[in-house]
Amino acid sequence: MIHLHTRHPSDVLTDMPDPEYRSAAEGLNWSRLKLLGDSPKLYEYRRRHQRADSPAMALGRATHAAILEPEHYAEHWKVYAGARRGKAWEQFRRLYEEYEIITEAEAAKVEKMAAAVFAHEEAGTLLAMEGVNERCAFWDERGRRMKAKIDRTCWAGDARFVVDLKTTRSVDPREFAKAADTYGYAGQMEHYTTAVEKLCNVQHGAFTPLILAVENAEPFDVGIFRISPQVREMAARYRNRLIDRLEHSERSGSWPGRVPTMVDLDVPRWSNLRS
């Protein structure tokens, strides 16, 4: 069912430079919210201390840009023919300080991953649909300002999708399911899809969340994973528990760590004590 005042994704999702979104735009994003699954202590620490950038993070941004914003990738990334050390590297970094920089080996990997995604029949179809890429969402939920940077929102007829691009070690469904659980992908997709549905004024379930995954090593295999309605419900409950935990810490002023009270020491299955 679509509400009377349904709005179009292209009208409610904001085109905003990534640095502005990350550093200046107000709102609670999934990257911060998921830390509460570890502990309120980690959440509060990361709120005060930003993570330093790394080559792995730069490579991830390059991959996203090459697949979702090819023109932006061509204009804003520079390739360095060497290792990230020494005087030559420092000179190159100063000369192109306004650009993202990756090495030749990284650029080759990015190009192969992008080619693999575009060559995959279903992935190519998703990317060819009418849609918007790398758009920001801002909305109010439970009295709190929320935000999300959504890789892709696309539509064709009655089919509507929220797509997140991931690089991964393996797209084997069993292996990827383990990785998805470890990194909280279902919760992340619930955060993103909730944003689009609220802003478009449609009911929960109107958009289908998909993860488009590409392996980060040869043969750069590709897989598309749908978040089923059942998993969405589980993810929604989990996400609400994280917000509950945040609200409790804010009210109490207490930010406990992983082990706030004494526990018995467990013995691993492979311990010498068991022999």
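I take helices and strands as DSSP runs, helices being H or I with at least four residues and strands E with at least two, numbered from the N terminus. By that reading, Gly 27 sits in the loop between helix H2 (18-23) and H3.

**Ground rules.** I am looking at a predicted model, where local features need pLDDT of at least 70, side-chain atom pairs count only at pLDDT 80 or more, and totals for chains, interfaces and linings use all residues. Residues are numbered from 1 along each chain as its sequence is written, and side-chain values use heavy atoms, with hydrogens and water left out.

**Gly 27.** For the cut-offs, buried is under 20% relative accessible area, exposed is over 50%, and partly exposed is in between (1.4 Å probe, protein chains only). Next I looked up its contacts, meaning heavy atoms within 4.5 Å. Not counting residues up to four places away in sequence, Gly 27 touches Arg 145, Met 146 and Lys 147. Ala 148 is 121 residues from Gly 27 in sequence, and their C-alpha atoms are 8.3 Å apart in space.

**Helix H12.** I followed H12 over residues 229-252, 24 residues in total. From first C-alpha to last it reaches 35 Å, close to the expected 34 Å; that expected span is 1.5 Å times one less than the number of residues. Its buried residues include Arg 232, Ala 235, Arg 239, Leu 242 and Leu 246. What covers the buried residues of H12? I found that the cover includes helix H3 (30-33), helix H4 (40-48), strand S3 (130-141), strand S4 (144-156), helix H11 (185-200) and strand S6 (208-215). After H12 comes Gly 253, with a positive phi near 75 degrees.

**Thr 194.** I found Thr 194 in helix H11. Thr 194 counts as buried because its relative accessibility is 8%. Leaving aside neighbours within four places in sequence, Thr 194 is in contact with Trp 139, Glu 141, Arg 232 and Arg 239.

**Cores.** A nonpolar core here is a set of buried Ala, Val, Leu, Ile, Met, Phe, Trp, Tyr and Cys residues joined through side-chain atoms within 4.5 Å. The largest has 36 residues, and Leu 13 and Ile 150 have the most contacts inside it. Which helix gives the most to this core? H11 does, with seven residues. I then checked Leu 13: beyond four places in sequence, its contacts include Val 132, Cys 136, Ile 150, Val 196 and Leu 199. Apart from that core lies another, of 28 residues, including Tyr 73, Met 113, Ala 123 and Cys 154.

**Cysteines.** I counted zero disulfides, a disulfide being a pair of cysteine sulfur atoms within 2.5 Å. Cys 136 is buried, at 0% relative accessible area. Cys 154 is in no disulfide either, with the sulfur of Cys 200 the nearest at 12 Å. Cys 154 also counts as buried, at 0% relative accessibility.

**Strands S1 and S2.** I noted that S1 (residues 77-80) and S2 (residues 100-103) pair in the parallel sense over four bridges; pairing takes at least two bridges found by DSSP. Tyr 80 has Thr 103 in S2 as its bridge partner.
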